[in-house]
Amino acid sequence: MNQPQSWEARAEEYSLYGFTDMPSVHQRGTVVITHGEGPYIVDVHGRRYLDANSGLWNMVAGFDHKGMIEAAKAQYERFPGYHSFFGRMSDQTVMLSEKLVEVSPFATGKVFYTNSGSEANDTMVKILWFLHAAEGKPQRRKILTRWNAYHGVTAVSASMTGKPYNSVFGLPLPGFIHLTCPHYWRFGEAGETEEQFVQRLARELDETIAREGADTIAGFFAEPVMGAGGVIPPAKGYFQAILPILRKYDIPMISDEVICGFGRTGNTWGAQTYDYTPDAIISSKNLTAGFFPMGAVILGGELAKRVQAAVEAIEEFPHGFTASGHPVGCAIALKAIDVVMNEGLAENVKRLAPRFEEGLQRLAQKPNIGEYRGVGFMWALEAVKDKATKTPFDGALSVSERIANTCTDLGLICRPLGQSVVLCPPFIMTEGQMDEMFEKLEKALDKVFAEVA
Ligand SMILES: Cc1ncc(COP(=O)(O)O)c(C=O)c1O
């Protein structure tokens, strides 16, 4: 066989790419990465890029954190792999579950492990279906989420994800209901105040539950800040308006903290930042600072008690993954939680968030930036053709792709999402690196807007 020679050609020849704009790859080639240094990644040609996306939101301690690597090595030497079935589990798994409940918003609780955020959401849906059936309500199977939500890619979590691209798979599955995205700037109607917008969304939820029948609904899932939807913080008062409605109908509220959890919004949980208490939490990504694939369902005490009673009734919960509660993953997660909470990373997010916002506020003065939005260390700038009318650019111009590609050429990784550019750097980012990020981003914005505006 004729072997292609370059790293880029070899990558394209043998890899099926996910979530990748293929025309861009064909034209520009793949960035093949060898290693990382702090918040930078380095490619096969020795080029360095400041990764303002922390990999995929998750590498919050950077790409070469020595303590994390040591923790992984030590656990590989001690006990390199095991499962959590049949009444056996590793000591690290026991310790991590204790720690997760300790740092959760719940006084008591129980943890179930997966390999990813998608699987954790799938698992949570199965827990709810299992629970309602055990409690004599097997018809309680419908799941409520929102348009623009991102909950993952497995068949169930993709059905929860509110993105039109899932239609290529014939998804969502029946019974997954998407409510209005709580993005006031984009979806608020003419003359509608933010408070009225929130009231409209609360009414929509109430009417949807009434229409579908409360007794057919298994649960409501929401990210505190929608991440892959384009970094969309909730409209003011959103969770305070919808939670009483869910409580009224006894519908469990699940906070998908895969991105927001462990410091991204400036607090341990996004639910804290937006002042609500869910019934369960979905965690992944930052949970291991990206050093191991792992997800976790953290059930709050009350839900945990009901689920445990349902399990006891049939003697087992027939669910689990080979690597659920993997000892190396658990050791890494214990270290990651310690690093984020006790090595100044969470503090750094809090300390630099106002500086982050100032930088974006300045860039948002540009005539083609419609909105900057975010919190903590997760932000987006949305490009518009016309600022006053919020008219987007023609999609064919691929404005955000062009901005991100220009950034890449300048040695900065950021992510195009719709017409927005997303910035979610590692928590170790310094002031100097933040300046570098803004300097490169501004150059890219000016170049691209000069071409398309
Ligand atoms: C909020 C949220 N939930 C779930 C997921 C899915 O996680 P994974 O990619 O690990 O399956 C993601 C991934 O980005 C996410 O952002």
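The largest nonpolar core holds 64 residues, of which L96, L100, F356, I403, M437, L441 and F449 touch the most other members. Such a core is a set of buried Ala, Val, Leu, Ile, Met, Phe, Trp, Tyr and Cys residues joined through side-chain atoms within 4.5 Å. Buried means under 20% relative accessible area, exposed over 50%, and partly exposed in between (1.4 Å probe, protein chains only). Both domain 1 (31-64 + 344-452) and domain 2 (69-342) give residues to this core, so it lies between them. A second, separate core has 37 residues, including L144, L201, I209 and L243. In soluble globular proteins, nonpolar side chains tend to be buried together.

The model is predicted: local features need pLDDT of at least 70, side-chain atom pairs count only at pLDDT 80 or more, and totals for chains, interfaces and linings use all residues. Residues are numbered from 1 along each chain as its sequence is written, and side-chain values use heavy atoms, with hydrogens and water left out.

Domain bounds come from an automatic or database domain assignment. The C-alpha centres of domain 1 and domain 2 lie 27 Å apart. Their contact (heavy atoms within 4.5 Å) takes 33 residues from domain 1 and 29 residues from domain 2.

Helices (H or I, at least four residues) and strands (E, at least two) are DSSP runs, numbered from the N terminus. The expected span of a helix is 1.5 Å times one less than its number of residues. Helix α14 (residues 345-363) has 19 residues and should span 27 Å; its end C-alpha atoms are 26 Å apart, which agrees. α14 bends by about 40° at L352, and P354 follows within four residues. The bend is the angle between axes fitted to the seven residues ending at a residue and the seven starting there. Buried residues of α14 include L345, L352, F356 and L363. The buried residues of this helix pack against α13 (327-342), β11 (369-375), β12 (378-383), β15 (420-423) and α16 (431-452).

Among the buried residues of α16 are Q433, E436, M437, L441 and F449. Leaving aside neighbours within four places in sequence, M437 is in contact with L50, A52, F356, L412, L423 and M429.

A search of the whole structure finds zero disulfides (pairs of cysteine sulfur atoms within 2.5 Å). The sulfur of C424 is 9.8 Å from the closest cysteine sulfur, in C414, too far for a bond. C424 is buried, with a relative accessible area of 2%. C330 is also buried, at 0%.
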